[in-house]
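Subject: Structure handover and notes

Hello,

Here is the structure you asked to look at. My notes on it follow below.

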Amino acid sequence: MDGGQDADLWSRLLGLEPPWSVERIELHVREEKVDVYLVHVDGALWPCPECGKKLPAYDHKDARVWRHLDTMAFQTWVHARPPRVECPDHGVRQAGVSWAESNSRFTKFFERFAIDVARETDTKGAGKILKLSWDGVWGVQERAVARGLRAKPPVALRFMGVDEKAVGHGHQYATIVYNLEKGTVEWVGQDRKKETLDGFFRSLSAEQKAAIEAVGLDRWGPFIASIQEHVPGAEGKLVFDPFHIVGHMNEAVNDVRKREHRQLSEEGRSPLGGTRFWGLYGRENLPEKHREGFAALQTAHLKTGRACAIKEALRDFWAPDSKRTGTAYWQWWHFWATPSRLTPVIRGARMMKGHRTGVLNYFEHRITNAVAEGLNSKIATIQKMAYGFRNKDHFRTAVLFRCGGLQLHPVTHPIPG
Ligand SMILES: [Zn+2]
């Protein structure tokens, strides 16, 4: 095929503009491949890839080739020899072309499609669909994240969440900063130390830090120190996540159960063998088949039953709509939990008391990191995939690609009509 209508069609499909045009198209039926060759007219001015300054051609190097969207399931390749320009500021560089970004072996149209595919599946699956290697698909994601971060407006975080996540094998962790208002991941840092979170705050201006109204935390520990150091008025802004506190209390219930089970088993009369999991359900989520056992447990005057009841009562603590009622409930709950003689429960209650302000601050801001629940399931999927990642930076890229709320697509030229 050459020239005429086909060339015109292809020029439009590629969004080509002068000085470029389609020279010829080669169809290789047996290889299921289409090659599209582009040429440019002489004497044109070309953009420096760095600054966009229009410059005359300096010389021509080897031909380049870009993967384009398939044509009727035929892999389609675009061939061209963009000239090099000599920019006074950036030296001799290959001129930018409209159909591809300067560091990509794909056209922008292909890149957009590959991003969409990669977002719907994992890297391996995307590779199969796109007929690309793992590295090829990975490169698409890395460029997409870099592009998204470049285009991202300055951070405006009002309600921030912080959490840690295990990454891959062997006790490696990442720190994740959420934008609770938008339900996106704002930042990912390697490790889970105070210094890790310090790194995030150092990337913010004083105004940006002051604009933070509340910080939801999943655990007490080094993050608190970092927030106190960087966020003005942190004391009134720290909010300990209700779900995480209940999680702590679930562990306490399980500890009580294990001890009691051991003791009663020695006496040959433990009804607690199968309770490992269902004692940890919230009462409204308890599966039907466990209902009876749960009720029996409550009336059997077992320590485990009492621990469950205390934990369940704690869950109601966050329901009141005023801080005053919440505080009163909190005091009542402590009067019950602290003398319970259930060591793990008492330990949990004391730990909460030590972080009283952060627990009660919930009533001021009403944020929970559960806003990020959809994100958490996405991140859990990435954590599973992360076993195949070669480094921690891959985890960051994957999280920002899927959860960063970034504008990932390259800007394609509209197809001229
Ligand atoms: Zn330049």
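A term to start with: buried is used here for a relative accessible area under 20%, exposed for over 50%, and partly exposed for what lies in between, with a 1.4 Å probe and protein chains only. This is a predicted model, in which local features need pLDDT of at least 70 and side-chain atom pairs count only at pLDDT 80 or more, while totals for chains, interfaces and linings use all residues. Residues are numbered from 1 along each chain as its sequence is written, and side-chain values use heavy atoms, with hydrogens and water left out.

Overall

The protein has 417 residues, and 46% of them are buried. Its secondary structure consists of 16 helices and 13 strands; these are DSSP runs numbered from the N terminus, helices being H or I with at least four residues and strands E with at least two. Of the contacts (heavy atoms within 4.5 Å) with a separation of 6 or more, 60% are between residues 24 or more positions apart.

Backbone points

The peptide bond from Pro18 to Pro19 is cis, with omega near 10°. Pro19 sits in the loop between α1 (4-14) and β1 (20-28).

Ala73 is not a glycine, yet its phi is positive, at about 70°. It belongs to the loop between β5 (64-71) and β6 (74-80), and with a relative accessible area of 55% Ala73 is exposed. Arg366, also a residue other than glycine, has a positive phi near 50°. Arg366 is in the loop between α14 (362-365) and α15 (373-385) and is partly exposed, its relative accessible area being 36%.

The zinc site

Four residues coordinate the zinc ion at 2.1 to 2.3 Å: Cys48, Cys51 and Cys87 through SG, and His90 through ND1. Donors are N, O and S atoms within 2.8 Å of the metal (3.2 Å for Na, K and Ca), and since water is not among the atoms, sites may look incomplete. The angles among the 4 donor atoms are 103 to 113°, and the site is tetrahedral; for four donors that label requires all angles to lie between 85 and 135 degrees. The ideal angle for four tetrahedral donors is 109.5 degrees.

Along the chain the donors follow the spacing C-x2-C-x35-C-x2-H. Cys48, in the loop between β3 (45-47) and β4 (54-60), and Cys87, in strand β7 (residues 83-87), are 39 residues apart, and the pair links distant parts of the chain. Cys48 and Cys87 are both buried.

The sheet of 4 strands

β3, β4 and β7 also belong to an open sheet of 4 strands, in the order β3-β4-β7-β8, with antiparallel pairing. Two strands pair if DSSP finds at least two bridges between them. At the edges are β3 and β8 (91-94), each of which pairs on one side only. From one strand to the next the twist averages 55°; such angles run from 0 to 180 degrees between N-to-C directions, and the axes are lines fitted to C-alpha atoms, for helices over the stretch in contact. β3 and β4 are joined by 3 bridges in the antiparallel sense, and Leu45 stands opposite Pro56 in β4.

The sheet of 5 strands

The other open sheet has 5 strands, ordered β11-β10-β9-β12-β13, and its pairing is mixed. β11 (184-190) and β13 are the edge strands with a single partner each, so one side of each has no neighbour in the sheet. Neighbouring strands are turned by 25° against each other on average, direction ignored.

In strand β9 (residues 159-166), 7 of the 8 residues are buried. β9 pairs with strand β12 (residues 214-217) in the parallel sense over 4 bridges, where Phe159 stands opposite Ala214 and Met160 has Val215 as its bridge partner. With strand β10 (residues 173-179), β9 pairs in the antiparallel sense over 7 bridges; there Asp163 is the bridge partner of Ile176.

Helices on this sheet

α5 lies across β9, β10 and β11, at about 130° to β11. In helix α7 (residues 222-230), the buried residues include Phe223, Ile224, Ser226, Ile227 and His230. These are on the same side of α7, because they cover an arc of only 165° around the axis, taken from the directions from the helix axis to the C-beta atoms. Among the elements covering them are β9, β10, α5 (194-202), α6 (206-210), β12 and β13 (238-240).

Regards

Key:
Four donors count as tetrahedral if all angles lie between 85 and 135 degrees; four count as square planar and six as octahedral if opposite donors are over 155 degrees apart and all others between 65 and 115; anything else is irregular.
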